[in-house]
Amino acid sequence: MSGPDVPVATLSGNASGNAAEPQPAPMQWNFPTSPMPPNPLGEGRYIKTAAALVIGDEILNGKTLDRNSNYFAGYCFENGINLKRIEVIPDNEDDIIEASRRLVQTHDFVITSGGIGPTHDDITYASLAKAFNQPLAHHAETLSRMMKISKHRMDIMNQTAEQREARERMALFPANAEVLFIAPDVWVPVVRLEGKLCVFPGIPKLFQRMLEGLVPYLPLPPPSERPLRLQVFTSLPESSIAPYLTELQARTKADGIQVGSYPLLMRGVYVALIGRGEQALRALAEEVAEKLEGRVLTEEEVAKEKAAL
């Protein structure tokens, strides 16, 4: 449920209610990153399909909004990976074991998010160890980095033996897993099992930082295999454009083009075109814009317009 203890700059006020004063930022770490491992999928192969396994009772009971799966979906699209499935499961050992085994069998790249903190319900590492028939073992380098980043924090250095044991659970990994340190300023590693399943924390900022840092360690598709998405906005109602979109999808499906429509209540419709071959896709977008009395938008324009709503 909770996440790794990561040092961040903080602000603190005082009892009289005066404005908060900046506190000294934590030390900037410069840990060595992991060397590049061999391609886990085999020489010449690259990731084609992916799945996300979001773990946490707090997601399912509505306490926490899941931002990580949405970020991962964008990450996959930008890198040419076909995200096939997103599943949300509770902090339950049997569920984690079943889902992780199944997703690894059917996808090239699987991530988990959540459940790797120091508390009793952070059971992701232990459950994954059982799923892939491995014992748990403390990882020496992770413990070392954990100690280094804690030396300036007296609240951690003065912990009891029981509290230290709980903290060190964050370095208790499946014994045969790869441990990838992906950034010099992040002590938490990405743990990879079966060459496919990568374990991430649930904290969105850290999740995003580590996911982006993992890029060099992944056999990603070549740029030629990455799709382009163009969007056309029309003020016509969705029912009016439905016959044309049906014909358009039938006409372009053989070329691998996906056509989607996304209404904006009382304002119009975004029509999305996804495919490979930029020149042909742009020509198609211009056709759609003319047919639907709309205009072609860039991804940046779409994001800006949606943010203004």
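This is a predicted model: local features need pLDDT of at least 70, side-chain atom pairs count only at pLDDT 80 or more; totals for chains, interfaces and linings use all residues.
Taken along the principal axes, a box of roughly 70 × 60 × 35 Å holds its C-alpha atoms. Of the 309 residues in the chain, 43% are buried. The accessible surface amounts to about 16,600 Å², and carbon and sulfur atoms account for 53% of that area. When contacts between residues at least 6 apart in sequence are considered, 72% of them connect residues at least 24 apart.

The largest nonpolar core comprises 33 residues, and F72, F109, I182, V190, F200, M210 and L214 have the most contacts inside it. Two or more residues of this core are supplied by each of β3, α2, β5, α5 (140–150), β10 (197–200) and α8. The largest share, four residues, is contributed by α8. Another core, of 24 residues, lies apart from this one and includes A51, I55, F181 and L197. Within the largest core, L214 is one of the residues with the most contacts. Leaving aside residues up to four places away in sequence, L214 touches F109, L180, I182, V190, C198 and F200.

An α-helix has 3.6 residues a turn, so residues three or four places apart point the same way. After α2 comes G80, which has a positive phi, near 75°.

Aromatic side chains form six pairs in the structure. In one of them, the ring centres of W29 and F31 are 5.9 Å apart and the ring planes lie at 10°, so this pair is stacked. Both partners are buried: the relative accessible area is 17% for W29 and 7% for F31. Because buried means under 20% relative accessible area, W29 falls within that class at 17%. A single aromatic cluster is formed by F72, Y75 and F109.

Two arginine residues are positioned over aromatic rings. The charged end of R145 sits over the ring of F181, at 3.7 Å from the ring centre. F181 is one of the residues of the 24-residue core. In the second case, the charged end of R229 sits over the ring of F77, 4.1 Å from its centre.

Positive phi values also occur in residues other than glycine. N133, which is not a glycine, has a positive phi of about 55°. This residue is located in the loop between α4 (124–131) and β6 (136–138), where N133 is exposed, with a relative accessible area of 67%. For E293, likewise a residue other than glycine, phi is positive and near 55°. E293 belongs to the loop that connects α10 (278–291) and β14 (295–297), and its relative accessible area of 63% makes it exposed.

Y270 is part of strand β13 (residues 268–275) and is buried, at 2% relative accessibility. G42 lies in the loop between β2 (21–22) and β3 and is partly exposed, with a relative accessible area of 24%. Between the C-alpha atoms of G42 and S261, which are 219 residues apart along the chain, the separation is 38 Å.

Key:
Residues are numbered from 1 along each chain as its sequence is written. Side-chain values use heavy atoms; hydrogens and water are left out. Rings of Phe, Tyr and Trp (its six-membered ring) pair if their centres lie within 6.5 Å; planes under 30 degrees apart count as stacked, over 60 as edge-to-face and the rest as tilted. Buried means under 20% relative accessible area, exposed over 50%, partly exposed in between (1.4 Å probe, protein chains only). A charge sits over a ring if NZ of Lys or CZ of Arg is within 6 Å of the ring centre and within 35 degrees of the ring normal. Contact means heavy atoms within 4.5 Å. Accessible areas come from the Shrake-Rupley method with a 1.4 Å probe; for residues, only the protein chains shown count as cover. A nonpolar core is a set of buried Ala, Val, Leu, Ile, Met, Phe, Trp, Tyr and Cys residues joined through side-chain atoms within 4.5 Å.
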